[in-house]
Amino acid sequence: MIYKQLASDAWRIRLDIEGPLKWVNAYLFKGRDGYSVIDPGLNSPVNKKRWDEMVKLLKISYADIAHIYVTHHHSDHYGLAGWLQERSHAKVSMSKTCHIEAEWTYQNGRKYINNWCKRLGGDADSLSLQNQVCEKHPRDVHYVQHEDIVQVGDRRMRAIFTPGHTRGHVSFYDEQGGLIICGDQVLPIMMPNMTFINGIDHNPVLELFQSIEFQKQLPIRAAWPGHMHTLLHFTERCDEVLNYHLDKLEAVRRLLGSGTQSSYSLCTRLFPSYAGKPNLFKLKLVETYAYLQYLVTEREACWQYGDNVIQFSAS
């Protein structure tokens with residue numbers, strides 16, 4: 001179902017994306033002073049048509065949208081923010097780090113990932129890159145801070161910084177309703193990958209662990225994620241995410257015991273099922289580097305740079 005009413009004041013819109021996830025969830029909340037959108041979706045003609053259909057379905061106009069919130073900078077969540085703002089004149093809000101990541105990614109992404117893959121030991125020509133599509137950046141972006149109270153429709157939600165998937169990731173927590181809009185920090189079924197941008201990210205694995213432990217303490221009855229269906233057992237899913245990454249860290253420790261290796265070499269052994277899937281393997285390559293960076297920080301591993309490739313070994 002493309003359009004689904006989740007509550008008396010809230011709707012989910014499934015917007016098309018490429019890849020195994022197939023769609024991204026945008027959320028629309030009704031309020032006395034206007035509607036609020038969380039994650040307007042990927043820039044594409046199909047998704048623009050979906051927004052046109054949703055506006056007609058609710059018998060509103062784009063001018064009725066007062067707020068646009070973005071959980072993180074990836075194009076399937078951020079890509080239509082500027083387009084939707086242009087039609088609605090809505091206020092756009094995200095974390096400052098998210099905004100920096102967005103502007104940097106859409107200017108430098110392809111060149112950066114090619115050079116970065118080479119430094120991690122991979123063949124950039126064989127690791128294709130899906131286009132990060134952003135037709136128009138939003139203007140006059142408002143920066144939310146951790147624990148800010150923001151107006152989402154008629155709900156007052158806490159903006160919670162939840163780094164890990166990206167450093168600028170923000171979740172929105174409706175304490176009264178026991179609901180969290182968790183973006184890609186926690187997903188049903190699939191495990192979200194971690195990204196690493198030099199100069200912005202430092203230790204995404206540690207930040208992921210800390211942010212998920214923080215969210216586990218919240219009395220959450222339901223989570224509306226960036227992809228797939230509603231999560232009704234959020235705390236249990238958080239534990240599954242933590243255990244998954246702890247298991248991968250242990251696997252990296254064991255693999256480093258066999259000698260000095262590049263991130264690429266480790267990734268082929270850590271994620272063998274992703275061989276032959278360039279776009280997905282690229283994500284896992286960066287995630288492997290994030291595990292290695294965590295171990296270096298914990299002084300369990302060390303790195304050296306030679307022949308334009310970063311090599312890692314156990315300390």
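Visitor: How many residues apart are Arg 237 and Glu 240 in helix α6?
Guide: They are 3 residues apart in helix α6 (residues 234–256), so about one helical turn separates them. Helices here are DSSP runs of H or I with at least four residues, strands are runs of E with at least two, and both are numbered from the N terminus. This is a predicted model, in which local features need pLDDT of at least 70 and side-chain atom pairs count only at pLDDT 80 or more, while totals for chains, interfaces and linings use all residues. Residues are numbered from 1 along each chain as its sequence is written, and side-chain values use heavy atoms, with hydrogens and water left out.

Visitor: What do the side chains of Arg 237 and Glu 240 meet in?
Guide: A salt bridge, at 2.7 Å from N to O. The term means a side-chain nitrogen of Lys or Arg within 4 Å of a carboxyl oxygen of Asp or Glu.

Visitor: Is Arg 237 buried or exposed?
Guide: Arg 237 is buried, with a relative accessible area of 8%. Glu 240 has 42% and is partly exposed. Buried means under 20% relative accessible area, exposed means over 50%, and partly exposed is in between, using a 1.4 Å probe and protein chains only.

Visitor: How many salt bridges does the count come to?
Guide: By this rule, 15. One of them joins the side chains of Glu 300 and Arg 253, at 2.6 Å from N to O. That pair links distant parts of the chain: Glu 300 is in the loop between α8 and β14 (301–306), Arg 253 is in helix α6, and they are 47 residues apart. Glu 300 is partly exposed at 31% relative accessibility, and Arg 253 is partly exposed at 29%.

Visitor: Which residues are linked in a network of salt bridges?
Guide: Asp 9, Arg 155 and Asp 174. The side chains of Arg 155 and Asp 174 meet at 2.9 Å, N to O. This pair also links distant parts of the chain, with Arg 155 in strand β9 (residues 155–161) and Asp 174 in strand β10 (residues 170–174), 19 residues apart. Arg 155 counts as buried at 17% relative accessibility, and Asp 174 is buried at 6%.

Visitor: Which buried Arg has no salt bridge?
Guide: Arg 12, which lies in strand β2 (residues 10–16). The nearest side chain of opposite charge, Asp 16, is 12 Å away. For charge, Lys and Arg count as positive and Asp and Glu as negative, with His and the chain ends not counted.

Visitor: What does Arg 12 touch, then?
Guide: Leaving out residues up to four places away in sequence, the contacts of Arg 12 include Ile 2, Tyr 3, Asn 25, Tyr 27 and His 229. Contact means heavy atoms within 4.5 Å.

Visitor: Changing topic. How many aromatic pairs are there?
Guide: The structure holds 11. Rings of Phe, Tyr and Trp (its six-membered ring) pair if their centres lie within 6.5 Å; planes under 30 degrees apart count as stacked, over 60 as edge-to-face and the rest as tilted. The rings of Tyr 27 and Trp 224 have centres 5.5 Å apart and planes at 20 degrees, so that pair is stacked. Tyr 27 is in strand β3 (residues 23–29) and Trp 224 in strand β12 (residues 222–225), so the pair ties together parts 197 residues apart in sequence.

Visitor: Which residues form one aromatic cluster with Tyr 27?
Guide: Phe 29 and Trp 224. Tyr 27 counts as buried at 2% relative accessibility, and Trp 224 is buried at 7%.

Visitor: Now the strands. In which sense do β5 and β6 pair?
Guide: Strand β5 (residues 65–69) and strand β6 (residues 91–94) pair in the parallel sense over 3 bridges. Two strands pair if DSSP finds at least two bridges between them. Lys 91 in β6 is the bridge partner of His 67.

Visitor: What about β6 and β7?
Guide: Strand β6 also pairs with strand β7 (residues 142–143) in the parallel sense, over 2 bridges. There the bridge partner of Met 94 is Tyr 143.

Visitor: Last one: where is Ile 212 found?
Guide: In helix α5 (residues 204–216). Ile 212 is buried, with a relative accessible area of 0%. Among the residues that Ile 212 touches, not counting those up to four places away in sequence, are Val 186, Cys 238 and Leu 242.
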